[in-house]
Amino acid sequence: MTNVEMGAMVDIIGGVESQLLHVHKNRCVLVRHRHGRCLRCAEVCTTGAIALTDDGITVSPQLCIGCGTCATACPTGCLEAANPTDEELFGQVEASVRESGGLAVVACSAARAAIAQAAGSPNADTGTAWTADGVPAVPVECLGRADESLVVQATAQGAARLVLVSSDCAACAHHAGGTLCAEACACAAALLEAVGATSPVERMGAEEALAAFSWAAADATAPQTDGVLDPAAHEAGPAASPTARTAPSAASLTRRDPRVRTAVRRSVPKSKFAHVQADGTLPHFVPERRLRLFNSLKAMGSPERGPVRTRLWGAVSINTDLCRSCRICTVFCPTGALSRFDAADGSFGADFRPTLCVQCRLCETVCLEGAITVSDEVSTDEFLRGTKRRFTMPPLEWNPNGPTSIPTRMVRLFKTNVVQDPQVTLNENEVAKLREYAARRDEERRCARKAAEERDR
């Protein structure tokens, strides 16, 4: 049994916290459930700061270079890059777009080193600030730092060109970051196309960028911001360029935007236990990057095409013929994309909101009957409109909160209709009906599973 399967992930992932990487331990899929299958951070880390071994996951924070690739790969926002922070990075990109009339350049450390060498400064620190055609180049350690929210928000804020400059990613020790960046850019392009926009991203190698722009060492560092810019200044920037599209200010692209009310989890009654909510589910949250991305897409218009494949959101389907009605999926869902409903007519089940899904696939993993599947193809219309799908589940075989819970489980365990319980008295006919229903549901599940297996062949 690995250290993750033993439930040690809360301490393991917390150990990677540093000045370069912030950690929200309780958001980790493997912290929420030790049998989760998410190892995306370890799969993309190339320095060994987060590594997968025979014993499980090991962390060595001193090896972290702050590239932020793990934060881009993390579905739940457990890991947040701090070199720079999202607010700093997005603010620098927005400032470049505003001041240049639509251009922003982001360059990795290896590309900046190549630029320094070409400029005759081979010993220059890669932290040296550079300008491309007078536009401050936004520095990142690796392009794995650039995710879909950066691309889409830059587009919403008027970017006509978002140039991502790197060295030869295939030959780089951190090539996983370049690969993930390409995947994120492709996903962002599909999302933008869905709302009738065109992705402004251009990928360039260092040599190509040297030929395309006039590079110069800047006298000061690239402009930074706390992410809340002056709306008046922002509106003046895009308007100055005929190629830049009018967009809301950065402040209007936050969780406070009333247009994104569907992306914010409905309030849940408070529990006296910090780690469990009053409805019995674990606490919910929505990663800030997902809110940025949703708000930016929402601000650009209505969907113009159908389903989109993405690594960010998922479409959950529950086979109610296989379902045991335990609703354990709603307990562990990190964002509340799956939530419980109990109707006045006695029906119950789970509601699914694509807007909140982060495709962590934890519901798929924890379902005891394999009744849940998660697709990476999401309806753009359902996503942006906050559509809710309802899965009505079959009646429970026993009520976990009712007076018959103990005897019902006992009759199934001991296979007898005669049960004596000090708290509850059930006659033999009532117990027989409970057993009969349970047996029928078991047979229905077996038939449904067999039919599903035959369809998959």
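Visitor: What share of the contacts in the chain with a separation of 6 or more comes from residues 24 or more positions apart?
Guide: Such residues account for 75% of them. Contact means heavy atoms within 4.5 Å. This is a predicted model: local features need pLDDT of at least 70, side-chain atom pairs count only at pLDDT 80 or more, and totals for chains, interfaces and linings use all residues. Residues are numbered from 1 along each chain as its sequence is written, and side-chain values use heavy atoms, with hydrogens and water left out.

Visitor: Why does Phe213 count as buried?
Guide: Buried means under 20% relative accessible area, exposed over 50%, partly exposed in between (1.4 Å probe, protein chains only). Phe213 has 6% relative accessibility, so Phe213 counts as buried. Trp215 has 14%, so Trp215 counts as buried.

Visitor: Why is the pair of Phe213 and Trp215 called edge-to-face?
Guide: Rings of Phe, Tyr and Trp (its six-membered ring) pair if their centres lie within 6.5 Å; planes under 30 degrees apart count as stacked, over 60 as edge-to-face and the rest as tilted. Here the centres are 6.2 Å apart and the planes stand at 85 degrees, so the pair is edge-to-face.

Visitor: What makes the pair of Trp313 and Phe383 tilted?
Guide: Their planes are at 50 degrees and their centres 4.1 Å apart, so this pair is tilted. Both Trp313 and Phe383 are buried.

Visitor: Which charged end sits over the ring of Trp313?
Guide: That of Arg290, 5.9 Å from the ring centre. The rule asks for NZ of Lys or CZ of Arg within 6 Å of the ring centre and within 35 degrees of the ring normal.
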